[in-house]
Amino acid sequence: MKKILFILPSLEGGGAERVVLSVMRYLDPNRYALTLFLFKREGGVYWQEVPSHVRIVCGTDKGRLRFKIFQVLFIFMKTARSQDLLIGGLELTSTYLAYFAGKIFRKPAIGMVHVSISDYIKPMKMNRRLTAKLIYRYLKILVFVSNGIRENMIKWIPKADVTNWKVIYNIFDESLYQKNLLMQEWTERAFSFPVVIAVGRLSQEKGFDILLSAHAKILQKGLQHNLLILGEGPERKNLENLRQKLSLQETVYLPGFVPNPIDYMKKATVFILSSRNEGFGMVLLEAMAAGIPIISTNCPSGPGEILDNGIYGMLVSPDNPDTIADAVIKLLSDKVLQKQYCDLSKNRVQHFSYHDIIPQWERLISEVCN
């Protein structure tokens, strides 16, 4: 039985942590003894999703991490020593720990990459950017969530050995999405007209400002519909101000974060991803599982691969409210096209089930450990 250690800062965060837990959930516990190392035991949204067969080790239970760094490192190294494989589940620090422990204990190490590293570290200080480039150059085995993310890394580190840089798509696990009872006071009003729905963190890279502008253009052309954006984030105030500026208070709904949005998607007419950039675009798989027709920006990276260059949904140029508006008008006005994309979505999402993805992980683990 192979002993595998996955490394994450905590279970506080977003999609990347859920991806790691999904891989751990479906790796055969009769073949793999799995341990999850967390820098800090914090209240996170994904604790209930940790598989029962996974052992959890935490560097510290309380206090600020910077004051417990030596304690965290001691517990991590003690845990890593007995493992057969180390996997950094998140970019930078988690992967750094996997790399250095692998060197010290002569164990294979894998780094998982969920975002375009060159863009992700751009705002950081020079020393942190240089550290990242150095470690990723010498970390032999990387797993990317999309081909676009892999290509970004190749451009960023052009002389690296890419032989063992693999692309393994994220698992979509529909069992995680429990039923939501639509009992909020706003739902009846929102769904009184056809609904265009979007889901994501209210942040600049999600392009919701562009989506609001596109929504206003569609209303000006006389096509009545409502826009529902599920999510929370730092751009809320700006989006609320833009909603007021464009006089969209009656047609744009911003109710906040919803843990399992699929039931809302099922009641909507069109799903739209308006992002300026993505790592993968897991929300597209949620929309496919809901059987809803999809419009997505063809942003880097992920949506074009998930939608197979437009076969399984409409692709439009990012940062352009006119192209988004035209696509929404076309889809809202064509029931036949809506049904065509609905049927395609339900078929496409099956390609991201654990039945397809876990065998790829098992092959990689076997190659690395042998």
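**Close-up views of a predicted model**

The structure holds 10 aromatic pairs, where rings of Phe, Tyr and Trp (its six-membered ring) count as a pair if their centres lie within 6.5 Å. This is a predicted model, in which local features need pLDDT of at least 70 and side-chain atom pairs count only at pLDDT 80 or more, while totals for chains, interfaces and linings use all residues. Residues are numbered from 1 along each chain as its sequence is written, and side-chain values use heavy atoms, with hydrogens and water left out.

**View A. The aromatic pair of Phe37 and Phe76.** A pair of aromatic rings is described by the distance of the centres and the angle of the planes. Planes under 30 degrees apart count as stacked, over 60 as edge-to-face and the rest as tilted. Phe37 and Phe76 form an edge-to-face pair, with 5.2 Å from centre to centre and 65° between the planes. The pair links distant parts of the chain, since Phe37 belongs to strand E2 (residues 32–40) and Phe76 to helix H2 (residues 69–80), 39 residues apart. Helices (H or I, at least four residues) and strands (E, at least two) are DSSP runs, numbered from the N terminus. Both Phe37 and Phe76 are buried; buried means under 20% relative accessible area, exposed over 50%, and partly exposed in between (1.4 Å probe, protein chains only). Together with Phe39, these two residues form one aromatic cluster.

**View B. The aromatic pair of Tyr169 and Phe352.** The ring centres of Tyr169 and Phe352 are 5.5 Å apart and their planes stand at 50°, so the pair is tilted. Tyr169 lies in the loop between strand E7 (165–167) and helix H7 (187–190), and Phe352 in the loop between helix H14 (335–348) and helix H15 (354–369), so the pair ties together parts that are 183 residues apart in sequence. Tyr169 counts as partly exposed at 23% relative accessibility, whereas Phe352, with a relative accessible area of 2%, is buried.

**View C. Helix H5 and its buried face.** Helix H5 (residues 126–138) has 13 residues, which should span 18 Å at 1.5 Å a residue, and its end C-alpha atoms are 19 Å apart, which agrees; the expected span is 1.5 Å times one less than the number of residues. In H5, Ala132, Ile135 and Tyr136 are buried. Seen down the axis of H5, the buried residues fall within an arc of 95°, so they line one face of the helix; the arc is that of the directions from the helix axis to the C-beta atoms. On the other side of H5, Asn127, Leu130 and Leu134 are exposed.

**View D. The salt bridge of Glu49 and Arg18.** A search of the whole structure finds 15 salt bridges, each being a side-chain nitrogen of Lys or Arg within 4 Å of a carboxyl oxygen of Asp or Glu. In the bridge between Glu49 and Arg18, the closest N and O atoms are 2.3 Å apart. Glu49 lies in the loop between E2 and strand E3 (55–60) and Arg18 in helix H1 (residues 15–26), so the pair ties together parts that are 31 residues apart in sequence. Glu49 counts as buried at 8% relative accessibility, and Arg18 is buried with a relative accessible area of 12%.
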